[in-house]
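Hi,

Here is the structure I promised to pass on. Have a look at it first, and then read my notes below.

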Amino acid sequence: MSTPAEGKRRRRFPSLMRALRLPENDPLAMIGVAIYVVFLLVALFADVLASDPLEILFLDDGNLAANVPPSLAFPLGTTNLGRDIYSQLIVGTRAAFVVGLTAAIAVVAVGTLVGLLAGYFGGWVDNVLMRLADIALGIPFLPFVIVLAAFLGAQTQNVVLAITVLLWPNTARVIRSQVLTLRERGFVEAARVAGSSDWRIIRVHIAPNILPLSLLYGSIAIGWAILTEASISFLGFGPSGSVSWGAMLQDAYASQALSRGSYNWFVPPGLCIVLVVVAGFFISRGYEEVLFPKLKD
Amino acid sequence: MRSVAIRFGQMLLVLWAVATLLFFLFRLMPGDPTLAYIDTTFTAEQQEALKRQFGLDRSLFEQYIAYFSNVFHGEFGTSFRSKRPVFDIIFEVLPNTLALTALSITIAYVFGVLVGAWLAWKRGSVAEALGIPLVLTLRAAPEFWLGMVLLAVFAFGLGWFPSGGANSAGMTYGSTLERMTSADFLHHLILPAATLALYLQGLPLLLMRSNMLDVLQEDYVMMARMKGLPEWRILLLHAARNALLPVVTAFALGLGASVGGNVVVETVFSWPGLGRVLVDAVAGSDYPLAQGAFMFIALILIVMNFVADLLYSVLDPRVAHG
Amino acid sequence: MSLLSVRDLAIDYATKGGSLHAVSRGTLEVGAGEVVGLVGESGCGKTTLARALTGVVPRNATFEAGEIVFEGRNLLGRPVSEWRDLLWRKISFVPQSSMNALDPVYRVGAQMDEVLRLRGGMGRAQARERTDELFRMVGLDPRRGTEYPHQFSGGMRQRAAIAMALALQPALVIADEPVTALDVIVQRQVLDTLRDLQARLGVSVLLVTHDISVVAYVCDRVVVMYAGEVVESGTARDVLETPRHPYTMGLTNAFPDLERAGGTLAPIAGGPPDLRHPPRGCRFAERCPFALARCRAETPPLVVAPNGHASACWRSDEAPALSELAKDPSTWTLTSTSAA
């Protein structure tokens with residue numbers, strides 16, 4: 001015989017396990033995971049895989065290796081200043097992951113916390129937090145990030161800050177409505193009657209049940225963060241001197257790569273962004289199927 | 001009616017909060033904002049006079065009051081760079097931005113709704129298995145990169161379209177309307193509009209598809225079949241009509257967000273619009289112009305958020321006749 | 001000749017876990033002007049069977065065998081267009097919960113209008129007149145036709161659904177749990193309206209329900225289903241008072257009698273079998289307190305007695321004695337322990 005309390009405690013584990021288990025039945029989600037793994041490995045071993053992305057290279061005859069088409073020595077060719085595009089691409093993976101992961105973690109942490117507080121306590125707490133969300137949603141996204149990056153300085157943490165300030169409301173709203181439904185469930189009511197503290201109810205009964213949703217929104221936020229960082233860098237408000245896919249595209253655009261038809265320069269960074277972002281979409285869809293299974297007829 | 005009044009009040013609150021945020025944001029600007037404007041040849045007195053003109057000699061609180069009074073009177077000051085009123089500059093480029101946004105978002109939503117409904121109808125088919133990943137991939141592509149690829153192929157490679165701007169150099173027109181209905185303008189509009197439409201179509205498409213899948217499960221669709229109604233009528237007047245509700249809201253939201261989100265596409269195509277004005281102003285420390293452009297973009301966004309709410313209650317009798 | 005005659009109908013659902021045999025031996029008749037009850041537990045296939053009569057089935061459902069003869073024509077095996085032509089003009093449907101069965105974005109009157117004009121070929125004025133008439137018939141104020149479904153109460157929506165089903169004077173109305181979602185008092189009112197209109201208009205009704213008391217209240221004849229098969233059928237009086245199948249005996253015990261209060265409640269222990277892998281022999285044997293070895297080996301056929309009372313049980317002949325035993329709640333408790 002298990003006591004009711006034990007039964008309740010056990011109930012949170014299935015959803016926790018469900019959240020952490022990858023949707024392995026979904027081929028698209030597994031493709032997404034595979035893409036992530038590959039890029040993560042590339043980011044980790046970038047030093048081995050690539051040479052200095054900013055080094056100016058020369059040809060055997062002593063001339064600057066500018067605008068060299070793809071060859072064995074330069075798999076993706078070189079830039080107009082004689083830098084190796086392949087090395088930039090490899091090293092740029094790091095920037096993408098740093099921004100993507102930190103922004104996603106920050107967005108989800110803030111969004112989940114606000115959603116929890118608003119949904120659980122309701123009343124004026126809810127009112128204030130939801131009006132704050134309205135305000136954040138009333139701020140034009142890219143213009144705000146541009147202004148913040150320009151005024152606070154173009155460091156990565158400011159880009160992450162700007163993304164967090166604007167993206168948390170989406171997560172918070174979904175978490176809030178989920179908490180609202182959870183709050184009405186029997187086991188939460190029972191815990192409250194049994195005299196559990198608010199903190200304990202949130203920690204034991206509510207938080208584990210909304211974790212899957214947080215992860216879902218996290219996997220989407222990674223993509224948005226990477227896209228935003230690329231846009232900012234492309235507009236010239238990114239960290240200067242850093243190597244990122246967005247900065248590569250800005251460089252290519254500003255150096256007439258388009259009119260010269262240097263597809264080898266501006267296509268690969270764009271494709272990398274597409275792959276990483278779409279991987280997040282695929283995974284989040286897989287999670288969605290697990291979390292909100294549609295009636296399969 | 002009461003709920004509309006409440007929503008309107010909330011909109012005003014958001015407008016005030018964003019304007020306030022904007023005020024403080026622009027005081028974060030590094031260094032003296034007038035430095036970009038003040039020539040080294042200016043005397044100290046001239047510099048003081050300028051600071052007075054921009055109200056920078058007063059206390060923060062006084063500046064805040066003056067700022068709101070100016071905003072209310074549509075007075076956004078003078079651009080540091082061009083020395084022209086900010087208001088004039090914004091109104092000059094606004095039609096370009098609206099034309100680009102309206103055209104691309106309309107194409108995106110008409111296409112997205114039709115294809116989304118079709119994919120829902122064809123669920124389980126090869127078209128669905130290939131279509132969904134393709135749409136997601138397009139949605140994952142950065143707009144500016146899509147624009148760069150289109151530029152390289154269609155403007156520089158094939159030479160079918162101009163590579164930037166809204167009108168060819170040297171063309172003169174009697175009025176804005178005449179300019180914007182000219183073949184030259186449309187020729188310039190096609191590539192940026194196509195880029196934005198490609199980027200925007202994913203949301204309505206996926207939304208419409210998932211709504212249709214839900215609605216097709218509803219009893220009233222089954223009932224419509226049992227009534228022996230024609231299939232097209234069931235699909236369009238019962239299923240699609242219901243599935244469209246959230247898409248219409250998304251359209252209004254998207255319209256508002258796109259005006260500000262055009263920033264990158266306008267930059268890629270050198271499209272003389274609001275977003276590009278903002279980017280140039282920020283890059284050039286032209287703070288009255290940047291502030292004015294930001295304010296306009298935010299205003300459009302907030303008003304469209306409010307309109308989206310209203311639209312939903314007009315279209316859904318469950319909300320309208322609650 | 002009866003209006004509708006269903007013979008050995010079999011319907012499968014394609015599911016992830018394989019074929020689910022939702023209906024295996026669906027056999028029933030509905031005579032002209034008759035009210036026939038189709039009863040059974042949820043998941044026994046009664047709703048699947050009833051909906052299949054309209055030909056509108058879920059995408060993953062297939063007709064595997066049998067025939068549906070309506071006015072002398074077997075609808076299975078005829079072109080779909082022919083079936084569709086009968087829909088609403090000859091066969092109409094009252095759904096379980098009319099909240100979702102009425103389209104939320106159109107006014108109730110407009111939805112009546114749609115069916116009257118598109119399916120009934122009426123003009124604008126004629127349709128409006130008919131809508132008012134139908135509203136009055138089911139006890140609704142015609143002025144409320146300009147309202148949306150969500151502005152109606154549950155009972156009103158059900159009345160509107162009945163009005164809509166009767167709109168084109170069909171020969172057969174299929175009502176799928178028409179009062180289940182309503183509270184008891186409103187249930188009675190809506191059933192009264194339904195019975196009254198049925199008698200006045202002479203329409204046949206196939207009433208799907210899990211509630212034996214509803215059957216006792218309105219039906220002329222009863223068909224009992226268990227696990228996708230028809231196990232007993234006959235006049236309401238015969239089936240309810242002298243049941244011949246142990247499942248029916250258990251079912252009549254499980255519901256309090258509407259007329260005579262104080263009946264003992266003895267629910268049947270256990271649950272229905274997995275229809276993806278139905279057991280050999282009689283499907284009720286698992287839960288039957290009277291099951292013999294033969295019951296688990298051979299499927300009993302549906303045998304029709306001279307009075308039209310049909311049942312599919314190897315021990316039908318002992319029915320009166322078994323029925324007495326079945327009235328003792330301990331008979332059913334014993335099975336539950338032995339089954340567990």
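Before anything else, a definition: two residues are in contact if their C-beta atoms, placed from the backbone, lie within 7 Å. Keep in mind as you read that this is a predicted model.

Let's start with chain A. Of its 297 residues, 47% count as buried. Now use that definition: take the contacts in chain A between residues at least 6 apart in sequence, and 74% of them join residues at least 24 apart.

Next, where the two chains meet. Chain B puts 40 residues into the contact and chain A puts in 39. On the chain B side, several helices each supply at least two residues, among them H1 (2-27), H5 (126-140), H11 (231-261) and H14 (287-315). Helix H6(B) gives the most to that side, with 7 residues. Sorted by class, the side of chain B that touches chain A has 31 nonpolar, 8 polar and 1 charged residues.

Chain B also has a contact inside itself. It is divided into domain 1 (2-72) and domain 2 (94-321). Domain 1 of chain B brings 14 residues to the contact between them, and domain 2 of chain B brings 11. Which helix gives the most to the domain 1 side? That's H1(B), with 10 residues. By class, the domain 1 side that touches domain 2 in chain B has 13 nonpolar residues, no polar ones and 1 charged.

Cheers

Terms used
Residues numbered from 1 in each chain as written. Chains lettered and ligands numbered in written order. Predicted model: local features only at pLDDT ≥ 70, side-chain atom pairs only at ≥ 80, totals over all residues. Helix = DSSP H or I, 4+ residues; strand = E, 2+ residues; numbered from the N terminus. Nonpolar A, V, L, I, M, F, W, Y, C, P; charged D, E, K, R; others polar. Domains from an automatic or database assignment. Buried ≥ 20, exposed ≤ 12 C-beta atoms within 10 Å, placed from the backbone.
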